[in-house]
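Hello,

Here is the structure I promised to pass on to you. Please open it beside this email and follow along.

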Amino acid sequence: MEHIKVMLEYFHPWTNSAGFYYARSQGWYEEAGIDVEFVCYDAARGDTLAYLNRGEVDFGIFPTNRLLVMRENSKEVVSIASINHGGMETIQTVKSTGIRRPADLSNKRIALNPTPRGIAMIKHLIAADGGDPNSFIVVDSGVKEYQAEDIIAGKVDATFGSYWAWELQMDSIVPEEERFYWKVDDIGAPPYHSYLLGTNQKLIDKNPKLIYIFLEITARGFIAVANKPSIAEKVYERYVPYFPASLITKSLSLIAATWLHEGYWGYQRPELMEPYAKWLEKNGILEDCNIWKEACDYRFLPEGGYHIGKL
């Protein structure tokens with residue numbers, strides 16, 4: 001058996017990894033001679049990209065923007081497939097703040113992890129709605145995701161970053177009719193793959209056959225769950241028992257729709273990669289927007305990705 005480590009994109013497993021877990025639960029990796037281990041990162045040692053860059057894991061999931069920034073300094077990590085075909089983030093608020101549209105965020109306190117990309121995205125979204133992009137007040141939340149309860153308590157007026165398919169589906173003491181949010185894709189964000197799947201150059205040079213096999217099995221898992229999200233519900237009872245089953249069910253039904261594009265899984269779409277890279281360059285986050293072309297390796301997937309009708 002070939003033992004491999006796959007690092008997930010967050011502090012704990014969540015439903016965006018359902019395709020991996022389902023494929024393993026069906027024995028598909030094992031049948032192909034692969035002993036797959038899923039791990040989460042220790043933030044004190046960096047994110048998934050840092051682990052991949054050091055060669056400490058074989059595959060990993062990571063945000064597009066972070067890969068492109070890394071590629072300007074290191075060529076070790078390569079993206080080999082897409083996971084999501086859209087943005088996960090939201091702007092969240094409650095009715096009592098008086099905020100009714102992104103333009104109303106001018107002069108309001110917004111909780112977020114104030115990375116250059118995060119700040120640029122908030123400015124972009126406010127400006128897209130006709131507001132003043134330079135007048136909002138940053139509340140540094142670090143990696144903590146502020147919730148509606150924090151807004152009601154008066155800590156902030158809005159939040160940026162919580163995922164519409166995960167955190168915002170969690171139970172809240174704030175009545176649902178008081179809470180609302182906007183998906184970034186719906187309010188003017190540039191198109192982008194929220195998450196990509198990648199590996200390191202050493203594995204590409206050493207064992208390209210393993211990459212082909214791993215991707216085909218992974219595609220089978222994601223396509224199966226995209227077809228019927230409920231089949232992955234039981235899988236998560238073992239790995240995230242501290243989250244209620246109702247959350248897993250709701251989240252799976254939402255997130256599964258982001259994995260396929262016109263029935264295909266895995267294709268890194270130039271119509272998402274290129275404009276996002278240009279936006280990152282325009283906002284001073286990238287030096288060269290063309291870096292995406294060398295960061296994405298297309299050789300390990302069929303043309304267009306794996307199709308729902310062919311696996």
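Below is a short tour of what turned up, starting with a helix and ending with charges over rings.

Before you start, please keep in mind that this is a predicted model.

Let's begin with helix 8, which covers residues 208-227.

Next, find tryptophan 182 in strand 9 (residues 179-183). Is tryptophan 182 buried or exposed? Its relative accessible area is 16%, and buried means under 20%, so tryptophan 182 counts as buried. Leaving aside residues up to four places away in sequence, tryptophan 182 touches Glu89, Thr90, Ile91, Thr93, Ile99, Arg100, Arg101, Pro102 and Ile187. Serine 172 is ten residues from tryptophan 182 in sequence, and their C-alpha atoms are 18 Å apart in space.

Now for the aromatic rings. The count comes to 23 aromatic pairs. In one of them, tyrosine 21 and tyrosine 239 have ring centres 4.8 Å apart and planes at 35°, so this pair is tilted. Tyrosine 21 belongs to helix 1 (residues 18-25) and tyrosine 239 to helix 9 (residues 235-239), so the pair ties together parts that are 218 residues apart in sequence. Tyrosine 21 is buried at 4% relative accessibility, whereas tyrosine 239 is partly exposed at 26%.

Phenylalanine 222 and tryptophan 259 make another aromatic pair, this one edge-to-face, with 4.9 Å between the centres and 85° between the planes. This pair also links distant parts of the chain, 37 residues apart: phenylalanine 222 is in helix 8, and tryptophan 259 is in the loop between helix 10 (245-255) and strand 11 (260-261). Phenylalanine 222 is buried, with a relative accessible area of 0%, and tryptophan 259 is buried with a value of 0%.

Which cluster do these rings belong to? Tyr21, Tyr239, Phe222 and Trp259 are members of one aromatic cluster, which also includes Phe20, Tyr29 and Trp265.

Finally, look for two charged residues over rings. Arginine 54 lies over the face of tyrosine 51, 4.9 Å from the ring centre. Lysine 183 lies over the face of tryptophan 164, at 4.0 Å from the ring centre.

Happy exploring!

How values were computed. Residues numbered from 1 in each chain as written. Predicted model: local features only at pLDDT ≥ 70, side-chain atom pairs only at ≥ 80, totals over all residues. Heavy atoms only, no water. Helix = DSSP H or I, 4+ residues; strand = E, 2+ residues; numbered from the N terminus. Expected span 1.5 Å × (residues − 1). Buried < 20%, exposed > 50% of the residue type's maximum accessible area, 1.4 Å probe, protein only. Contact = heavy atoms within 4.5 Å. Phe/Tyr/Trp six-rings, centres within 6.5 Å; stacked < 30°, edge-to-face > 60°. Lys NZ or Arg CZ within 6 Å of the ring centre and 35° of its normal.
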